[in-house]
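Here is my note on the model you sent. Please keep the sequence and the 3D view open while you read.

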Amino acid sequence: MKKYQVDLEIKQTYTVPVIVEGDFDDDKALAKAAASKAESMNHNRWEYQDTEYEVENCKELPEGLSSSHLKLLELGYPLKWVSKYTEEDAEAEVDALT
């Protein structure tokens, strides 16, 4: 069975009420003030709404990669490095990380 490495961009959507004061000439200025205030808020209190996934890149992986090789890829190691590791080297690298 073929294996693929898929790079996903993950975006989470939150809804949060933000109270701003002032006289704003347009919606853009109001949105900028609200965004600035939201940055200083406690993000753990925001109401989660949705998660979006967008595929950034997809490539078929070479055959013969062990579970340790795949774990290293999931941890963000580049394929060009991981594909050069022997199975023992990959296993030792995973062990060193855990």
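1. Where does Arg 45 lie? Arg 45 sits in the loop that runs between α1 and β2. Keep in mind that this is a predicted model. Arg 45 counts as exposed, because its relative accessibility is 70% and exposed means over 50%. Now go along the sequence to Val 55. Arg 45 and Val 55 are 10 residues apart in sequence, yet 29 Å apart in space, C-alpha to C-alpha.

2. Next, the overall layout. The chain has 4 helices and 2 strands. Their order along the sequence is β-α-β-α-α-α. The chain is more spread out than a compact globule, because its radius of gyration is 22 Å, well over the 13 Å that the globule rule gives for 98 residues. Trace the C-alpha atoms along the principal axes and they fill a box of roughly 65 × 25 × 20 Å. How much of the chain counts as buried? The share is 16% of the 98 residues.

3. Look at helix α1. This helix covers residues 27-39, and Lys 37 is found there. Lys 37 and Glu 87 are 50 residues apart along the chain, and their C-alpha atoms are separated by 50 Å.

4. Now the negative charges. Which residues gather in a patch of negative charge on the surface? They are Asp 7, Asp 50, Glu 52, Glu 54 and Glu 56. Strand β2, residues 47-60, gives the largest share of this patch, with 4 residues. Take Glu 52 as one example from the patch. Glu 52 belongs to strand β2. Its relative accessible area is 42%, so Glu 52 is partly exposed.

5. There is a nonpolar patch on the surface too. It is formed by Tyr 4, Val 6, Leu 8, Ile 10, Tyr 53 and Val 55. Together these residues have about 620 Å² of accessible area. Which elements give two or more residues to the nonpolar patch? They are β1, residues 4-15, and β2. The largest share, 4 residues, comes from β1. Tyr 53 lies in strand β2. Is Tyr 53 buried or exposed? Tyr 53 is exposed, because its relative accessible area is 58% and the cut-off for exposed is over 50%.

6. Both patches draw on β2. This strand gives 4 residues to the negative patch, and β2 is also one of the elements that give two or more residues to the nonpolar patch. Find Glu 52 and Tyr 53 in the viewer. Glu 52 is part of the negative patch, while Tyr 53 is part of the nonpolar patch.

7. Last, the salt bridges. How many does a search of the whole structure find? The search finds 1 salt bridge. Its partners are the side chains of Glu 9 and Lys 11, which meet at 3.7 Å, N to O. That pair counts as a salt bridge because the limit is 4 Å. Glu 9 is partly exposed, because its relative accessibility is 33%. Lys 11 is also partly exposed, because its relative accessibility is 38%.

Key: Residues are numbered from 1 along each chain as its sequence is written. This is a predicted model: local features need pLDDT of at least 70, side-chain atom pairs count only at pLDDT 80 or more; totals for chains, interfaces and linings use all residues. Side-chain values use heavy atoms; hydrogens and water are left out. Patches are made of residues with over 30% relative accessible area and no salt bridge: like charges are joined within 9 Å, nonpolar side chains (Val, Leu, Ile, Met, Phe, Trp, Tyr) within 5 Å. Accessible areas come from the Shrake-Rupley method with a 1.4 Å probe; for residues, only the protein chains shown count as cover. Lys and Arg count as positive and Asp and Glu as negative; His and the chain ends are not counted. The place of a charge is taken as NZ of Lys, CZ of Arg, CG of Asp or CD of Glu. Buried means under 20% relative accessible area, exposed over 50%, partly exposed in between (1.4 Å probe, protein chains only). The radius of gyration is taken over C-alpha atoms; the globule rule is 2.2 Å times the number of residues to the power 0.38.
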